[in-house]
Amino acid sequence: MRRISVNICPRPSSSPRNKTIVNFQVRPVCLPVLGLLAALLFFSYAGATTEETIPTPGLQPVYRIYLRVHLANSSRSPEEFGPIFSEINRIWYTQAGICFEIHTVYHDTPLNDGLDMWFSPYIGGYNGYYDGEFIQMSDVPDLARVENPARSSAARTAAHELGHALDLPHRQDSDENLMRSRTFGWQLNAQEIKLARETAADIAIEDTTPLTCGSPQIRREETSSPQLLEQP
Ligand SMILES: [Zn+2]
């Protein structure tokens with residue numbers, strides 16, 4: 001019978017002829033190769049199917065910044081903020097090695113150490129703005145479409161305002177830019193990344209050992225305890 005060999009580590013074949021079987025030959029010497037292939041398959045699978053997986057940034061150290069999000073006035077449900085927060089971190093972490101350690105609260109007391117953001121149904125016709133101290137966000141910002149858009153207008157606008165909080169000015173030369181006004185663009189250039197990281201280094205959590213952001217701490221108002229509200 002004819003024999004079809006699928007040999008991952010080829011060697012001179014001594015296969016008998018006249019068989020029609022498929023034979024996977026795996027030799028001990030090939031184990032490192034197989035391990036590498038398995039790892040590649042795993043990571044490509046994880047990247048393709050796990051929406052919340054955020055690729056490792058190219059820049060280190062990762063600067064982690066506390067971000068307190070105030071939801072007392074928001075018309076959105078707490079559950080809606082999970083994907084929004086993930087996308088904010090995807091935009092900043094993958095491009096600039098900056099991530100936000102996010103927790104939600106239902107009061108107006110700002111952090112001593114980090115950034116604060118409020119969500120409200122209406123903020124005077126703005127999508128969002130940074131007043132030099134705090135970020136105000138419309139619940140549902142209205143943005144122009146672009147070729148490679150962010151998924152959520154709220155996430156994109158929040159990421160844009162965080163850019164201002166990290167000292168970035170507007171950059172209007174392409175709709176794809178994160179710092180373009182009123183579009184779904186999310187891209188940073190090298191100069192913006194450098195400037196934002198310099199500011200981030202000043203306000204980041206001192207421990208720069210961790211390379212990933214923690215999961216957002218999203219609480220419903222009725223389950224928030226005074227102790228939790230005051231952290232950090
Ligand atoms: Zn702006």
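In this predicted model, the mean pLDDT of the protein is 81, and 71% of its residues reach 70 or more. Over residues 36-51 the value falls below 50, and the model gives this stretch 3 contacts beyond near neighbours in sequence. Where pLDDT is low, the predicted coordinates should not be read in detail.

The protein has 5 helices and 7 strands. Read from the N terminus, the order of the elements is β-β-α-β-α-β-β-β-β-α-α-α. Of the 232 residues, 31% are buried. Among contacts with a separation of 6 or more, 64% link residues 24 or more positions apart.

Strand β5 covers residues 115-120. Its covered face carries L115, M117 and F119, while D116, W118 and S120 make up the uncovered face. Strand β5 pairs with β3 and is also joined to β7, as the table sets out.

| Partner of β5 | Residues of partner | Sense | Bridges |
|---|---|---|---|
| β3 | residues 63-70 | parallel | 4 bridges |
| β7 | residues 135-138 | parallel | 4 bridges |

W118 in β5 is the bridge partner of H70, and W118 belongs to the uncovered face of the strand. M117, which is on the covered face of β5, stands opposite I135 in β7.

Methods:
Residues numbered from 1 in each chain as written. Predicted model: local features only at pLDDT ≥ 70, side-chain atom pairs only at ≥ 80, totals over all residues. Buried ≥ 20, exposed ≤ 12 C-beta atoms within 10 Å, placed from the backbone. Helix = DSSP H or I, 4+ residues; strand = E, 2+ residues; numbered from the N terminus. Pairing = 2+ DSSP bridges. Contact = placed C-beta atoms within 7 Å. pLDDT = per-residue confidence, 0-100.
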